[in-house]
Amino acid sequence: MKIADFLRPGIPASLLLGAVRPSASRRQRALAALALVGFWTAVYARYRRGGIEETAREYEMLGGANWEAFTRHYNERVPTIEEEFALWGEFHQHRHEMRYDLVAAAVRRHVPPGGSILDVGCGSALVADRLLDLDGSYVGMDFGGHHIVYAAKKLRDLDVPLRRAVVRGDGERLPFPDAAFDVVVMSEVIEHLLRPEVAVWEVARVLRPGGVYVMTTNNASEVPLRSPLSHLFAWLEKALGAYRPGLISRRPWVWPERVDPDLLPDDLPDVYLPHTHHIYAETRDLFAAAGLETFHFSTFEFPPPQSNAVRQLDKRGELGRHVVELTEAVARAIPLVNRLGCHVHMLARKVRSPVAITPPVGVWPGPFSGPARNAGPAASQRDPEALIG
């Protein structure tokens, strides 16, 4: 660890004490406050400059993504969620399953009796696991062949009220008729798509009027890994940036690891696939253009899984899980801080027709917005495959 890492928190702490110390003169307190603001400004200028540069670099890296790499990666390299749970351990499984609880609870609130649910990117059907007692129908769809085979086997022979079907397909071309579902779920899926705006248009198409879209994804406004004592302005940027996208300086676009070169033709440059962090207001506007009116926004997962705090809590077993649940509850209750969870949770209702038959250029800032370029194959190459149902 660098010396600066030790000194950085100490400088603002001493200046803050100087600014509020009752025994200090008014002039001394003013000078300390001015110095503190100057420190925060200098630190933030460096933070913002680096964030903008890194965002631009990742955006350029994303431009090299292609449909062949996407297809082979998700069919040959991505494990099922249960396989990932075995690698992560109980603490991270506990945190991850919180998402499925939130999503399933939202589905229960908005699906009518006997209604229909589409789970796009269903993975191992962990949302379905929490809905088995419902009087309704569930369709799980996923892109990865091994994922959908696993989900089909898991759901096939259950003796439960929920009617079930599993289909292999593509989120940018849903293999269902218009107005087919009361609720569409897309949990931790949209960030992986080459053209998320096309998928949102498809969600709006298959939703019935008044139907509800349940979505979770990565949050570009997630809490900074630096302390607010040393990086206060970075924290404010993230909190305010949820509603003002232009404020966000660091916005991840790609998964940090390249696609396995063994999956690609020889001598091809490194390829990186999307892992886009979404900004609430920007995604809300995308939904609105598709005819979906957002009526709920929240964030969850505090603190970030990559933080030192989580690494320490992970070592504490059950106690660590209780502490992180308390942290979660407190963070969600604090204004502005409640925008800084690692994931966005949004609910939107279909209230009108989209602004155009297909997403107009500029409705999403990704490099594949507009005409498809190399983002995907022709529709005839993406026919769905039903495994059960």
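User: Why is Cys342 called buried in this model?

Analyst: The model is predicted. Cys342 has a relative accessible area of 4%. Buried means under 20%. The value of 4% falls under that cut-off, so Cys342 counts as buried.

User: What makes Cys122 buried or exposed?

Analyst: Its relative accessible area does. The value for Cys122 is 6%. The cut-off for buried is under 20%, and exposed starts over 50%. Cys122 is therefore buried.

User: How many disulfides does the structure hold, and how do you know?

Analyst: The structure holds zero disulfides. To count, a pair of cysteine sulfur atoms must lie within 2.5 Å.

User: Which residues have the most contacts inside the largest nonpolar core?

Analyst: They are Leu118, Val184, Tyr213, Phe287 and Leu292. This core has 56 residues. Helix α7, residues 196-206, gives the most to this core, with six residues. A second, separate core has 30 residues, among them Val103, Cys122, Leu132 and Leu155.

User: What makes such a set of residues a nonpolar core?

Analyst: Two things. The members must be buried residues of the listed kinds, Val and Leu among them. They must also be joined through side-chain atoms within 4.5 Å. In soluble globular proteins, nonpolar side chains tend to be buried together.

User: What does Val184 touch beyond its neighbours in sequence?

Analyst: Neighbours within four places are left aside. Val184 is then in contact with Leu118, Val120, Val203, Val206, Leu207, Val212, Tyr213 and Val214.

User: Why is α7 called mostly covered?

Analyst: Because 10 of its 11 residues are buried, each under the 20% cut-off. Among them are Pro196, Glu197, Trp201 and Val206. The buried residues of α7 pack against β1, β4, β5, α9, β6 and β7.

User: Is Asp182 buried or exposed, and how do you know?

Analyst: Asp182 has 15% relative accessibility. Buried means under 20%, so Asp182 counts as buried. Asp182 is found in strand β4, residues 181-187.

User: What makes the link between Asp182 and Arg208 a polar contact?

Analyst: The distance, first of all. The two side chains meet at 2.8 Å. The cut-off is 3.5 Å between N or O atoms, with one able to donate a hydrogen and the other to accept it. The pair is therefore a polar contact. The side chain of Asp182 also reaches the backbone nitrogen of Ser116, at 2.9 Å.

User: Where is Ser116, and why is this residue called buried?

Analyst: Ser116 is in strand β1, residues 116-120. Its relative accessible area is 7%. That is under 20%, so Ser116 is buried. The side chain of Ser116 reaches the backbone oxygen of Ala180 at 3.2 Å.

User: How do you know that β2 and β3 pair?

Analyst: Pairing takes at least two bridges. Strands β2 (residues 137-142) and β3 (residues 163-168) have six, so they pair, in the parallel sense. One example is Tyr138, whose bridge partner in β3 is Arg164. Between these strands the chain passes through helix α6, residues 145-155, and this β-α-β crossover is right-handed.

User: Why is Arg316 called partly exposed?

Analyst: Its relative accessible area is 45%. Buried is under 20% and exposed is over 50%. The value of 45% lies in between, so Arg316 is partly exposed. Arg316 is in the loop between α10 and α11. A polar atom of the Arg316 side chain lies 3.4 Å from the backbone oxygen of Gln312.

Technical notes. Residues are numbered from 1 along each chain as its sequence is written. This is a predicted model: local features need pLDDT of at least 70, side-chain atom pairs count only at pLDDT 80 or more; totals for chains, interfaces and linings use all residues. Side-chain values use heavy atoms; hydrogens and water are left out. Buried means under 20% relative accessible area, exposed over 50%, partly exposed in between (1.4 Å probe, protein chains only). Helices (H or I, at least four residues) and strands (E, at least two) are DSSP runs, numbered from the N terminus. Contact means heavy atoms within 4.5 Å. A crossover is right-handed if, with the strands pointing away from the viewer, the path from the first strand over the helix to the second runs clockwise.
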